[in-house]
Amino acid sequence: MKLIKSVLSALVLGSALIATCHATTFNYRDGQGTLKLYLSFETGLPVVVINTVNPNNLATCDFEAEQCVITEDEKIVCDAGEGENPLIVELRSKRRLKVTSFPESFCGMGASALGSYKLAK
């Protein structure tokens, strides 16, 4: 729980300093795309935005989840709606995340958002 709190604390400090939300961007290491993580200015809960693309056929995965929950085992879990797999983001370190579950209906044929993400420079 310490790791996730330190990552989210950095986001809170960033969003408290400016009126707009401060997002931390992670690049998709297993393909092309990004994962953005920030705290909602209104609710204070994590928001996750994922956009990836399969360079071979240009199919995309696009998903935005608000009001995600933080679990005791260092995961961010976001509901994707009835009948869908939840979005599950595991924090591996302050610089690395891994998406271990993603709602498949938000991806085109051959596209994926599962895998590793590294903090963008």
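**View 1. Glu90 and Lys75 meet in a salt bridge, with 3.8 Å from N to O.** A salt bridge here is a side-chain nitrogen of Lys or Arg within 4 Å of a carboxyl oxygen of Asp or Glu. Glu90 lies in strand β7 and Lys75 in strand β6 (residues 75-78), so this pair ties together parts that are 15 residues apart in sequence. Strands in these legends are DSSP runs of E with at least two residues, and helices are runs of H or I with at least four; both are numbered from the N terminus. Before we go on, please keep in mind that this is a predicted model: local features need pLDDT of at least 70, side-chain atom pairs count only at pLDDT 80 or more, and totals for chains, interfaces and linings use all residues. Residues are numbered from 1 along each chain as its sequence is written, and side-chain values use heavy atoms, with hydrogens and water left out.

**View 2. Salt bridges that share partners join Asp73, Lys75, Glu90 and Arg92 into one network.** How many salt bridges does the count come to? The count comes to three.

**View 3. Glu90 is buried, with a relative accessible area of 16%.** The words used here have cut-offs: buried means under 20% relative accessible area, exposed means over 50%, and partly exposed is in between (1.4 Å probe, protein chains only). Lys75 is partly exposed because its relative accessible area is 24%. Asp73 is partly exposed at 45% relative accessibility, and Arg92 is partly exposed at 44%.

**View 4. Nine strands form an open sheet in the order β4-β3-β2-β1-β9-β8-β7-β6-β5, with antiparallel pairing.** The edge strands are β4 (60-65) and β5 (69-70), and each of them pairs on one side only. Two strands count as paired if DSSP finds at least two bridges between them.

**View 5. Strand β1 (residues 24-28) and β2 run antiparallel and are joined by four bridges.** The two strands form a hairpin, and three residues lie between them. Which residue of β2 stands opposite Phe26? Look for Leu35, which stands opposite Phe26.

**View 6. Strand β2 (residues 32-39) and strand β3 (residues 46-53) run antiparallel, with eight bridges joining them.** Along this pair, Thr34 stands opposite Asn51 in β3, while the bridge partner of Leu39 in β3 is Pro46. The hairpin of β2 and β3 has six residues between the strands, and there Gly44 takes a positive phi near 80 degrees. Lys36 is found in strand β2 and is partly exposed, with a relative accessible area of 36%. Lys36 and Val47 are eleven residues apart in sequence, and their C-alpha atoms are 8.1 Å apart in space.

**View 7. Strand β7 (residues 87-91) and strand β8 (residues 96-101) pair in the antiparallel sense over four bridges.** A hairpin of four residues joins β7 to β8.

**View 8. Arg29, Arg95, Arg96, Lys118 and Lys121 form a positive surface patch.** Patches are made of residues with over 30% relative accessible area and no salt bridge; like charges are joined within 9 Å, and nonpolar side chains (Val, Leu, Ile, Met, Phe, Trp, Tyr) within 5 Å. Lys and Arg count as positive and Asp and Glu as negative, while His and the chain ends are not counted. The place of a charge is taken as NZ of Lys, CZ of Arg, CG of Asp or CD of Glu. Accessible areas come from the Shrake-Rupley method with a 1.4 Å probe, and for residues only the protein chains shown count as cover. Where does Lys121 lie? Lys121 lies in the segment after β9 (115-119). Lys121 counts as exposed because its relative accessibility is 98%.
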